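Here is a short report on one protein chain. Look at the sequence and the 3D view, then read on.

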Amino acid sequence: MADGHPGDLATRDLAVFWHPCSQMRDYRDFPPLEVIGAHGTRLELADGRTILDAISSWWCKALGHGHPHLAAALRRQLETFEHVITANTTSAPLVRLCERLLAAANGQPPTAWGPSAAPGRRPGHFGKVFLADNGSTAVEIALKMALQAQAQRGAPGRTRFAAFENGYHGETVGALSVGDLDLYAAPFRALCFSVQRTGGLPYRRGPHDPAWLDAGASWPAIEAALDTEADTLAAIVYEPVLQAAGGMRFFSPDLLLRLRGWADAHGVYLIADEIAAGMGRLGAILASHLAEGGGRLSRAALPDFAVLSKGLTAGTLPLSAVLTTDAVYALFDADYGDGRAFLHSNTFTGNALAVAVANAVLDVFAADDILGRVGSLAPHLRAAMEAVAASRPYLRGLRACGLVAAVDICAAEGTPLDPRRRTGYAVYREAVRRGALLRPIGDTMYLFPPLTATAAEIDQMAAILADSLDAVVGA
Ligand SMILES: Cc1ncc(COP(=O)(O)O)c(C=O)c1O
């Protein structure tokens with residue numbers, strides 16, 4: 001405790017460490033949890049308790065904590081080399097990761113990107129991979145690439161971006177600019193560039209919603225808004241299907257097809273921020289694949305830039321990737337003196353340890369059929385959340401897709417609660433006491449378990465959520 005013994009770890013922590021995305025004062029009477037180990041879906045705490053990681057540690061621990069295959073790959077790479085500049089060098093694992101990521105993003109079967117995939121590149125929509133070390137930076141890279149590509153294809157006036165209401169794309173200034181969450185961006189508005197913000201997304205409850213694959217009613221207004229800037233847009237940026245930080249909202253994947261058609265007709269690029277939704281979270285390697293509704297993947301909804309991070313190393317090490325097409329890449333391919341190169345550099349681009357782990361993640365995804373597992377566990381997660389909501393009328397708007405399920409705590413009339421009451425935060429504290437790490441978004445309660453969580457662990461998370469709600473809001 002902050003007011004405890006000066007030698008206590010929590011007291012020492014608060015004396016020196018500034019926790020991310022936190023009002024530090026909150027820790028005074030609810031100190032940070034001291035973690036001494038993490039295995040599978042559970043965190044071990046110094047006080048002897050184990051608690052469930054119901055949010056996959058900020059949505060990144062796709063394969064749970066301490067996965068032995070990832071740890072072994074990391075150890076092997078550590079004995080070879082840990083990091084070498086990738087501007088002038090290459091290595092077999094680096095090339096292999098790019099080949100495998102492209103095959104997976106191009107919708108090829110696991111035999112094309114699993115542990116025994118043949119070397120070499122296969123034809124497909126995406127053709128090149130650029131690497132960085134966190135999600136926000138990768139979003140910035142995609143924005144920069146889109147802008148430069150527009151200029152180099154003869155459209156230097158295309159300097160604006162369109163983005164959606166409730167979108168979130170990270171914390172650096174460009175990513176904050178295209179995001180729509182004032183909670184994070186308001187103090188920095190003076191630094192942000194203006195974007196064309198479009199609302200009226202076709203929000204849906206999930207794949208069980210009869211209108212899941214139909215964005216027809218919402219499209220005319222979105223199209224009209226985009227039309228107003230059709231000549232100045234460089235790209236449209238969006239989180240495909242799942243707007244995570246904006247409240248765990250799902251929208252119809254049909255919108256992606258419509259955006260693709262509009263963007264092609266107007267010479268505008270699409271940037272799909274797959275950082276939260278990709279890497280299997282919604283049952284596909286890219287959430288952009290969901291537009292096909294389970295049918296054969298076509299290029300019809302694939303973006304010009306797909307941005308991945310978080311699950312890319314299953315949350316083991318920081319790594320992010322921007323996948324793009326050969327057509328975009330060709331706009332940068334010229335003699336050095338022409339000044340068309342993409343001169344973006346990050347020291348840790350292609351970090352060998354992170355690359356080794358990302359290769360191991362693809363091994364596990366293919367060998368353990370993680371996408372199939374998400375498909376079969378998703379109805380279980382949804383049913384567990386439905387059971388929580390069924391007997392608590394103040395819970396509204398239940399939605400679920402893949403291994404994400406969310407519900408909002410509302411007032412009796414179904415209106416939002418006064419955010420100053422911080423009901424969601426009180427539920428979080430109660431849930432920690434009862435054995436699960438949640439991190440509600442305001443009064444939106446959600447479960448975002450590791451893709452390797454068992455049905456029993458999901459049931460436990462739902463039960464703790466229910467008991468915590470009863471303790472805070474009332475049964
Ligand atoms: C959709 C989306 N984009 C971007 C980011 C930013 O990624 P990072 O935290 O690695 O910078 C996040 C992080 O939560 C995200 O959910």
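Glutamine 243 stands opposite arginine 249, which belongs to β10. This is a predicted model. The strands β9 and β10 run antiparallel and are joined by 2 bridges. They belong to an open sheet of 3 strands. The order is β7-β10-β9, and the pairing is antiparallel. Which strands stand at the edges? They are β7 (203-204) and β9. Each has a single partner strand, so one side of each has no neighbour in the sheet.

**Two positive phi angles**

Between β9 (242-243) and β10 (249-251) there is a loop, and methionine 248 sits in it. Its phi is near 50 degrees, a positive value in a residue other than glycine. Most residues other than glycine have a negative phi. Asparagine 166 also has a positive phi, near 70 degrees. This asparagine lies in the loop between β5 (160-164) and α7 (173-178).

The cut-off for buried is 20 or more.

**A hairpin and a parallel partner**

Now turn to another set of strands. Strand β2 (residues 42-45) pairs with strand β3 (residues 50-53). The pairing is antiparallel and has 3 bridges. Arginine 42 has leucine 52 of β3 as its bridge partner. Together β2 and β3 form a hairpin, with 4 residues between them. Glycine 48 is in the turn, and its phi is positive, about 95 degrees.

Strand β3 also pairs with strand β16 (residues 436-437). Here the sense is parallel, over 2 bridges. Which residue of β16 is the bridge partner of leucine 52? It is alanine 436.

**Valine 427**

Helix α14 (residues 423-434) contains valine 427. Valine 427 is buried, because 22 other C-beta atoms lie within 10 Å. What does valine 427 touch, leaving out residues up to four places away in sequence? The contacts are Pro440, Met445, Ser468, Leu469 and Val472. Glycine 278 is 149 residues from valine 427 in sequence. In space, the two are 28 Å apart, C-alpha to C-alpha.

**Around the ligand**

The ligand is surrounded by 15 residues. The closest are Gly135, Ser136, Gly170, Ile275 and Ala276. Which helix gives the largest share of this shell? Helix α6 (residues 135-152) does, with 3 residues. By class, the shell has 6 nonpolar, 6 polar and 3 charged residues.

**Two domains**

The chain is divided into two domains. Domain 1 covers 33-66 + 370-472, and domain 2 covers 71-367. Their C-alpha centres lie 27 Å apart. Where they meet, 25 residues of domain 1 are in contact with 24 residues of domain 2.

Several elements of domain 1 give two or more residues to the side that touches domain 2. They are α3 (56-59), α13 (370-390), β14 (395-401), β15 (404-409) and β17 (444-447). The largest share comes from α13, with 6 residues. This side of domain 1 has 17 nonpolar, 5 polar and 3 charged residues.

**The whole chain**

The secondary structure comes to 15 helices and 17 strands. The C-alpha atoms fill a box of roughly 65 × 55 × 45 Å, taken along the principal axes. Why can the chain be compared with a compact globule? For 475 residues, such a globule would have a radius of gyration near 23 Å, and the chain has 22 Å, which agrees.

Of the 475 residues, 48% count as buried.

Definitions and conventions: Residues numbered from 1 in each chain as written. Predicted model: local features only at pLDDT ≥ 70, side-chain atom pairs only at ≥ 80, totals over all residues. Rg over C-alpha atoms; globule rule 2.2 N^0.38 Å. Buried ≥ 20, exposed ≤ 12 C-beta atoms within 10 Å, placed from the backbone. Near = placed C-beta within 6 Å. Nonpolar A, V, L, I, M, F, W, Y, C, P; charged D, E, K, R; others polar. Domains from an automatic or database assignment. Contact = placed C-beta atoms within 7 Å. Pairing = 2+ DSSP bridges.
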